[in-house]
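Student: Could you take one part of this structure and go through it closely? I would like the strands and their partners, and then the charged pairs.

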Amino acid sequence: MKKKLWWAVIFSVIFVLCTVPAVITNAAVQSETESASWQTCTVYAGDNVEDQNYSVWSKPMYSYLTPCEDGRLMRVQGNTKAGGILVEYYDENYNLKETKIIKNELSIFGGFYATDSNYFLLTGQNNIDELADVEVYRITKYDKEWNRIDSAGLYDCNTTYPFDAGSARMDVCGDYLLIRTSHEMYTSSDGYNHQANVTIQLNMNTMEITDSFTKVADSSCGYVSHSFNQFIKIDENHIVAVDHGDAYPRAIALLKYPTDVSAGKFTPSYYNPCTVKNVMTFPGNTGNNATGASVGGFELSDSSYLVAGNSVEQDDTNTSRSTRNVFVAAVNKNMDSVNTTWLTDYEEGNGTTSTPQLVKISNTRYVVLWSRNKTVYYTTVNGEGEKTSDIYEVSGNLSDCAPAVVNNKLVWYVWDDEEITFYEINLTDLSKITKKLIRNGHDYENTGVVGWMCALKMLTL
């Protein structure tokens, strides 16, 4: 009888404890709060932990956060096993309010972009037989309720594998959506399938592709091969792009197009080529994939083009080095000078840093974030890439979710199976950061074995 009473007391205590949200407070350099709550019984397997990081070549970003007009925050996740593209809506306290599954278009997810009026998804499919009638890239347009409006496809585009060994990013200019991505090309005369960048221009009103560049060329046309990461911005109606090249050129290359894209075309002419500036060159053999560097962000300021990345010491032993430090390079808008600011200075053999994220707060203020040993570090730089604040730190991770500016906070999330952690940095006081942990799974108030198991999980947080 006493044993039964004892067990009843234990389970009663467990039940009471588990019905109270778990709150853990840590004090490092900044104020850090972590809370846990059950949101839904549905768990989507997978993760995006440190997916912004790469050592040789990148991949598309699958994770996005976008503020909505009604104050909610929309999460778009492209690599779940949900039977489509996962869209979740959260309120300001990260309570899950709505979930949608958007039907897959083509089989490979490339990217997502939000304009003031619409959402766009970029998808693709392989074309290993090199057929001209295969739709390799598709851009699909939706309204803000995710009703499908129309799509445009790119065919016969010298592509066997879209998004190969690269990423996909987009920007807008008036009625046009500009896309910078990558592909593996058709078999060349040397018997190999080489990799390079791809640029596409879409009229968002008519949903017609008005220009594209997928052939073999040189950097005067905006071509980089191999191109292991791609970034694109529009500056006064002109494309400015960054590519991580290992051959032509073997450098982090900044390319400025001479063409006014508001007319519907971006491809430069032979007599009016792209201006190319090597932000960082890499010693070593042309086409050696290893460069000892990565690129994590590209932004425009009033005076400069800012490129954030990490790199080993670039000398004759660069490809055998393992310690990378974080930098921000500022290329002036005349494209004739590069000033590089190093934010870390770890010695070779003393660990490394991840590929950073770069977020624009204003034309004169930017936040750079990177990780090392399960700790996120962040600081601010000005429009010339110069460090302007202390370096702050918080335990945790980055992901391929580019941090979004929401209500004077910098927000990103890290997803790991049933757990989603939202991070918030107060942009008025960078020392204030909040972490909010959401754990999905069975409701801990359920009765029976499953209910008790979930309650026990809550105790371990």
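**A sheet and its surroundings**

Tutor: Ser304 has Asn332 as its bridge partner in β22. Keep in mind that this is a predicted model. The strands behind that pair are β21, residues 304-311, and β22, residues 325-332, which pair in the antiparallel sense over eight bridges. Both belong to an open sheet of four strands, ordered β20-β21-β22-β23 with antiparallel pairing. The edges of this sheet are β20 and β23 (338-342), and each of them pairs on one side only. From one strand to the next, the twist averages 20°.

Is Glu299 buried or exposed? Its relative accessible area is 13%, and buried means under 20%, so Glu299 counts as buried. Leaving aside residues up to four places away in sequence, Glu299 touches Lys233, Ser304, Tyr305, Leu306, Leu358, Lys360 and Tyr366. Glu299 and Phe231 are 68 residues apart in sequence, while their C-alpha atoms are 9.2 Å apart in space.

Next, a strand elsewhere in the chain. Strand β8 (residues 119-124) is mostly covered, with six of its six residues buried. β8 runs antiparallel to β7, and six bridges join the two. These two strands form a hairpin with four residues between them. β8 also runs antiparallel to β9, again with six bridges. Leu122 shows both pairings: Gly111 stands opposite Leu122 in β8, and Leu122 stands opposite Ile139 in β9.

That leaves the charged pairs. Side chains of opposite charge can pair when their charged atoms come close. The structure holds 17 salt bridges, and three of them follow.

Glu88 forms a salt bridge with Arg75, and the closest N and O atoms are 2.8 Å apart. Glu88 is in strand β5 (residues 85-90) and Arg75 in strand β4 (residues 73-77), so this pair ties together parts that are 13 residues apart in sequence. Glu88 is buried at 2% relative accessibility, and Arg75 is buried with a relative accessible area of 2%.

Lys100 forms a salt bridge with Glu145, with 3.9 Å between the closest N and O atoms. This pair links distant parts of the chain, 45 residues apart: Lys100 is in strand β6 (residues 96-102), and Glu145 is in the loop between β9 (135-142) and β10 (148-155). Lys100 counts as buried at 18% relative accessibility, whereas Glu145 is exposed with a relative accessible area of 52%.

Glu105 forms a salt bridge with Arg148, the closest N and O atoms lying 2.8 Å apart. Glu105 is in the loop between β6 and β7 (108-114) and Arg148 is in strand β10, so the pair ties together parts 43 residues apart in sequence. Glu105 is buried at 17% relative accessibility, and Arg148 is partly exposed at 44%. Finally, salt bridges that share partners join Asp70, Arg72, Glu98, Lys100 and Glu145 into one network. The bridge between Lys100 and Glu145, described above, has both its residues in that network.

Terms used:
Residues are numbered from 1 along each chain as its sequence is written. This is a predicted model: local features need pLDDT of at least 70, side-chain atom pairs count only at pLDDT 80 or more; totals for chains, interfaces and linings use all residues. Side-chain values use heavy atoms; hydrogens and water are left out. A salt bridge is a side-chain nitrogen of Lys or Arg within 4 Å of a carboxyl oxygen of Asp or Glu. Buried means under 20% relative accessible area, exposed over 50%, partly exposed in between (1.4 Å probe, protein chains only). Contact means heavy atoms within 4.5 Å. Two strands pair if DSSP finds at least two bridges between them. Axes are lines fitted to C-alpha atoms, for helices over the stretch in contact, and angles run from 0 to 180 degrees between N-to-C directions.
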